[in-house]
Amino acid sequence: MTKRWIGALIVALATLGSLVFVQTQDSSETQEPEATNGATTDVVQPIAFPHNVHAGIDRIDCQYCHFSAERSVDAGIPPVRTCIGCHQIIGGTDERQQAEIAKVREYWTNQEPIPWVRIYKVADHVHFPHMRHIAAQVDCAECHGPVQEMGVLAEVNQPLSMGWCVSCHIERDVSRDCSVCHY
Amino acid sequence: MATATKEPRGAVPHPDLTQLDQVNRDVLKTLGKPGLVWWLMLGLCIAGIGMLGVSWGIQIVQGIGVTGLTSPVGWGVYITTFVFWVGIAHSGTLISAILFLFRAPWRQSIYRAAEAMTVFAVMTAGLFPLIHVGRVWHAYWLIPYPNSRFLWPNFRSPLVWDVFAVTTYFTVSATFFYLGTIPDLAAARDAANGFRKKLYKVISLGWRGTDREWHHFGKAYIFLAALATPLVLSVHSVVSWDFAVSIVPGWHATIFAPYFVAGAIFSGVAMVITLTVPIRKVFGLEAYLTTKHYDAMAKLCLLTSMIVFYAYLSEFFMAWYSGEEVERAAFWARLFGHYWWATWIMLVCNGLVPIMLWFKRVRYSIPALFTISIFVNIGMWFERYVIIVTSLHHEYEPFAWGVYRPSMVEMGIMVGSFAWFGFWFLLFTRLIPVVAIAELKEVIPTPMRGAAPAHAGGEGGEG
Amino acid sequence: MSETKGILASYEYVDSAVNAIEKLRAGGLKKITAYMPYPEHLIEDALGYDQSPVRVWTLAGGLCGAAGGFAFTAFTSMDWPLVTGGKPILSMPAYVVISFEMMVLFGALSTIIGLFINSRLPYLKPMVVYDPEFSGGRFGVYITAPPERLDEARGILQGQDPVELREDSAGVAHAS
Amino acid sequence: MSDGLKRREFLKVLGVSGAGAGMVGCSTESVEKLMPYVVPPEEITPGVATWYASVCGECEAGCGMWVRTREGRVVKVEGNPDHPVSGGALCSRGHSSVQGLYNPDRFTGPMARQNGELQPISWDEAEQRLADGLAAAGQHLTLTGFAGPSMMTLMESFARATGGGVVRFDPLADAPLREAGRIAFGRNVVPWYDIEEAEMLVSFGADFLESWLSPVRDARAFSRMSGVDERGSKGRFVFVGSRLSLTGQNADEWLPIQPGSESLVALAMANVISGAGAGAGPYRDIVNAYTPENVSEATGIPAENIRELAIQFAEGPSLALGPGVAGQHRNATAANLAVAVLNSVAGNVGRTLHYSAPQLNAPAFGYSGVERVMQLIGQGVVGAVMIHGSNPIYALPASSGFRAAFESVPFKVSFASSPDETTALCDLVLPDRHFLESWGDSAVRPGSWAIQQPAMRPVPHFDTRQTGDVLLSVDSLMGQDLGAATFHDHLQSRWQTVAASTGTADFEVFWQEALKSGVVELGGSQTGVAEQLRQPDRALVFDPPDFDGPGDLHLMVYPSSRFGHGSQNTNRPWLLELPDPVSKITWHSWVEMHPDRAAAMGLRNGDMVILSTDNGSVELPVWTYPGIRENVVAVPMGGGHEGAGRFSDGNGVNPLDLLPAESEALSGGLVHFATKVTVTPTGERRALATISGSDVQSNRPITPAVALSALTAEADHAEEEDGNGPLQELQGVGGFVPVETEGRPQDFPLEGAQHGEYGDPETPRWAMTIDLDKCTGCSACVTACQSENNVAWVGESQVTMGRDMGWIRLERYYEAVDASHAGPLDVRFMPMICQHCGNAPCEPVCPVYATYHTPDGINTQVYNRCVGTRYCLNNCPYKVRVYNWYTYTDEEPVREGLGHAPEPMNWAFNPDVTVRENGIMEKCSFCIHRIRGAQDRAAVEGSVIQDGEIIPACQQSCPAEAIVFGNIRDTRSRVAQSVESARVYRVLDELINTQPAVSYLKKVTFHDVESGEH
């Protein structure tokens, strides 16, 4: 009799395991392995850029730095010149800030690009045109979360999974034809 | 079974069986210690399975390109073998369920082996849809389950029908098979001791053979049979629709469903002969698997062979009669094109060789039947190869015509699938009574002390 | 019910078992369990069975399967409508295949469940009132009766000269 | 897909183009880096393409091109619509220049030979060595291929300043044509041909659609001339030659003349036209001598055919195109002269061809120049030879002995940007930049100039310098001064004068304008001058030349339509795998033989034979071809490279080794058609890497044609031809509900499919029409598509198996296979793409909805959903679906010889299109990324998409303007109007009711089409 229970247990575990596998497959399926699974939170950026200061306290518009979001599929990463535009004058209050801002100036003087570490990346087979979402009055925060409160930028509230995109498309009653994003 | 009436004594298929418990002794002794031959064959099968694994591994790592498949021939040996095994499976259900419903007298002693063959054949067939897809790691997308993409499979696709049909078929036939074995497992339990006793104790579910058990068992069994009968027809129809619903000349034919079912039974019965002949010899079950049985199976072979051959002819005729250029060209290519040899193997093995079964002497000669059954197996494999490959290589667009040559990997997997089947069947012969003990007892004389009770007189003239 | 006792007789011939059963039933002793190596109608008839409820299970399961299969396919294609091959979103003929398979599957499974429930399988208690020969060639008749009628029952069973006769008290069988 | 970085490779290029090299290779790091600019170039927006106008440097035609860049990285080239030559189109070679730019085998920097090996050195050292070498050499020579005018002048002035000479050499020189022009009209030029103006065109073996002069422009002109117009009039084209080239396959009639007898036909025609020479001026006697009757025996053409042809030729504006290079034999000049006379007597000079406005860009300098070089080397006066833009070791027949001569030169320098047979012998290599990275210019004809500007920063993998800059700095190192520091300055200074001639005050404005538009039209090339024939000043032999060598088969070595002379730029998978338009063979070489001849020798397709002449022998497989005379065999140029790169090495043979190193007596052009050859079977066989499954249609309405005479008649009963009415019953609810539609493309979505998004009548239906009367089969669309859609190349072994991945399969059928004698020859071209069927058979069989119909009528393929059952491939009647049998897009090949994209070739991936991996089905998407891109723009700008705003890559690059794409629901759209044509039909539609969105317009023939259909 005990044998039968063990057998039942094994079967149950097997089904459970396969289900778990399938689910994980789903979520990992639509995104870059390295870009997610929470690993992004402990990414060390070349410069400890505080979004909460720029977007939160200073209330700088997102598109001031991410300049191409409204006219391109890519939001755009600010060129060093954009940074230096302000930070020629602004040197930071405490020395921690000063140290970081010093790095910016260093990059500028060396005329080197800042190798930011990517946080958000949809999979290669997904086409996400920022411009259309801006044009549709989708608030940046809806996908990127309350950036203005983040000291260190972290991927929030969604794994960029397809279901997450689709549910929003259904909500807003916009096309969820596959070929809108996949081609 | 519970409702199966006794055979009139004249037609008793096992004249030299009188004692009920003699059956137990004879059959259960097959579960004894396996001999060297058995171990050798098991080793051979395990080696074959290894080959299958390695070949498949190569294919997954490098890509489906290691096969010989190409455009326009997108399907080849894999699907051929898939259909072959599904076909093999069918005769098992036919013998166990359909013949049961029709009360065929010669069924009892062979249906156990046939049913086991069904289950293992479906297990083998089930491998191939997985093997042939390009991204097997995504194959589970064919299964409808709530997922984070809100996506479902396309139920218009015959491939999804396949998924449902084959899984259902496996579940039902496995259940049917197991149900039938329970009383015999109990018998084995009562005879065995030591570990085996424990094992049988568990899997016989504490069967005691009480009147209540038998009563409901009988009902359940007959309903399962009633369900399995349309199922077996539907499954191979669905498989045939993989081809028939397409527009490929040579595939798109209304005759396909019945034609495939007949072919399936044809190949299946042949396979039963191929498998039971050695068992009979090795285990000395001549008293159980009598020449009468083989005669009956041979007749079934002959019938289905004629149906199949008729289907061939009607296909060619319709192709010609339709006057449809593409259709004609396809069938002309089938006969005289690049794959003429495959077609002629098919015609000879499935159409001409079985003609010998018209002769009683052949039907009653075990070696002859064995040889013929081998021919039929080969012929039926090539039938599917012909249908799939020759049709695809010569389609609508002449500029896109092309040929396909199977690669070593494909061959390795195809051969390996036989090993995989053999592996399970060998285990079966040692773990489960190859002849249905309880059911056999129905067709040997009932032990009677005196005259039958008056009211039981209707039960055929015993005593 | 410690006082209730049972007697297990095993016979070599069907008709002796049948006779015993008929006599017992005639005597109003109806708590009979018969054991047989194969389904023997004479005995079943003697015990007077009527239709088995298993068939209801089959029917119910089959209907649920068919309905469920069709509903499911229809739902999934409406859930995310995609046109393929110029065919409508609800391509009924295709869905018939699925619902048919589901009918068979659920019908079969519920039949098994019905069987197990009705025939009390799997039987997990220790098998005391049993004889390995029952799966071989012998037929058994087990009668439980109040103590005062046991002798009568024993008499009937003895009357058909059994191969063996066993007393059974509180589920512990011992030869007498 | 497996690797997210393939398509988004540009993120590192951002860094590169923003701050020079250095950030390459981060794709291999586990954490992906975002590389922003330091200072963003104004014109670049991430994710938005930037276009630069430039000039194609692949051949002398000099097509103006638009270069598409993303984030500072070239991803595609297209024709510049404003340019007089390309007119918006481009050929396969032009498209493949992207693979030249990113070719992994380019020199990574300057090299110098140390102990037998080329070792990398620094640029300063390299230039110093060159300066010293030249100083020490005494006299030096520069052997150059074609180059833009500014570069030529620079090279010449450099040579003058440093005591050297420049010799231009081109294996396909048109010297005989020029010489003929000089003798006939005193103009030593290649005339400007206005094919468009002609109504009757006769080509005497000139392959103007593939390799001669300016294929893209001529193809456009030809399709306009020969394509039937709404008035139902159609220009006639007759091909006179021993072998049908791609050009010949487009002819309405073929005169398969005896090898070398063009002059006879031309003169006989002139004889008929000019009334026995009366109108032939100084050539009266010559023309008089050649009556059709006299020549019919020598030419193998019945007199009446010639007579008939001549009469047609005399009728309207006509044009005869002189023997091309393929037929360049020992009397080539005379042959060209004969054609000039024919044109003259027919009154075409100044009407359809203009000596007064010559083509400046035609290859000019023949073999004689090289002979002089070898002579000088032999005398030992040459201390150094510089090779620029050419590969003489390959391009010259082995018998020329050039190799020995070259090796004997003490100091050998090459400016080649990638290794080839010549650099293997050089002492110093100073890799030039690819033309997409460098400055330059081109002059097509007097008064029409174009600027070549760098479209991206030099590919960081390769430390190269533009040869112009090198010459200038070396020049200053040698103490000279050519008045410019960089080539850019030199270029501008030259253009100052151009600007001045236009009278523009502000040069900056002029310059910027020129850069933007890419072309400057000054006018001033006057046409319509009818030159008069002059007394020939040289002895001329018009009779067919004698062919020396053994055997009775004349060997024709012709320029490949894929590679031209093929001495350079062959190391490109796109070109190597592009099926040859005539033979449909990829990768390897072949010898063309007439089927009867082959049968007589017991040869079949794929049998290996050895061709041998007095000069050498090669081994290659037979391909039987009805379009060639029985006494001629032909081999294309461009194969058999050694040390020219990983892709091209070891493919096929170099037929030039069979030729005698001989220049035509009068003009000095190399003779390609001068020798006979023996064919010896080896008994070996090889599977041809061809994509052709069958050359005949087997009575199927794949490419039906209609006779010009029947065209008007057809228009009347066009309606009943739309004949799948009864078939309608077969659709609807899986076969129950009849659908009220004629099944026209615009009827999508079908009644049964009115669900969800599909109900909206506003949604467009994208559709396409392809005019088979215009299509010349040049296959430019194939490469354009490959470049645009990241279509993988698969490798020779895979093509041989039938696994080629082209989304466009350019099918070629012979209708009249017996083309070996004069009479109607009918070759049908059929660009077969996904038909985007309304009733797509591939869709319902997919178990996971990986392919389905979008609301806007596209049969789309969702790559990442595909499981790879290949059912859709089986069920596609057009077999246009291609499958990724392996991953062909990794940096390393999965297996030896399979397709892959090594650094930096993967930079050419189009960021807008997903890169596919192993196990995925793909096919033509109607360039859906362009559609979605346009829709995105329109949505943001709030504008409406106009007809013609969305142009798929194939239509964009089609020189013949045969393809029209658009929304067929919009009745005003071009595509909607084109399907109203009487010639419209849809492939197999009436057979299987697929209702494609792609319609074809039937080819129009002059001869009757048997059985109406095909």
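Colleague: What makes residues of chain B and chain C count as being in contact?

Modeller: In this predicted model, 65 residues of chain B are in contact with 74 residues of chain C. The cut-off is heavy atoms within 4.5 Å, so a residue that meets it is counted.

Colleague: What is the area buried between chain B and chain C?

Modeller: About 6,000 Å², with carbon and sulfur atoms giving 69% of it. Of the part that chain B buries against chain C, Arg156(B), Arg208(B) and Arg449(B) supply 14%, more than any other three residues.

Colleague: How many salt bridges are counted between chain B and chain C?

Modeller: The count is 0. A salt bridge needs a side-chain nitrogen of Lys or Arg within 4 Å of a carboxyl oxygen of Asp or Glu. Polar contacts are another matter: 13 residue pairs across the interface of chain B and chain C are found by that rule, both residues at pLDDT 80 or more.

Colleague: Which helix gives the most to the side of chain B that touches chain C?

Modeller: H7(B), with 17 residues. By class, that side of chain B has 35 nonpolar, 15 polar and 15 charged residues.

Colleague: Why does the radius of gyration of chain B agree with a compact globule?

Modeller: Because a compact globule of 463 residues would have a value near 23 Å, and chain B has 24 Å.

Colleague: What share of the residues in chain B is buried?

Modeller: Of the 463 residues, 67% are buried. The cut-off is under 20% relative accessible area, so residues below it make up that share. The secondary structure of chain B comes to 15 helices and 0 strands.

Terms used:
Residues numbered from 1 in each chain as written. Chains lettered and ligands numbered in written order. Predicted model: local features only at pLDDT ≥ 70, side-chain atom pairs only at ≥ 80, totals over all residues. Heavy atoms only, no water. Buried area = accessible area lost by both parts, 1.4 Å probe. Polar contact = N/O pair within 3.5 Å; in protein donor to acceptor, adjacent residues only side chain to side chain. Helix = DSSP H or I, 4+ residues; strand = E, 2+ residues; numbered from the N terminus. Nonpolar A, V, L, I, M, F, W, Y, C, P; charged D, E, K, R; others polar. Rg over C-alpha atoms; globule rule 2.2 N^0.38 Å. Buried < 20%, exposed > 50% of the residue type's maximum accessible area, 1.4 Å probe, protein only.
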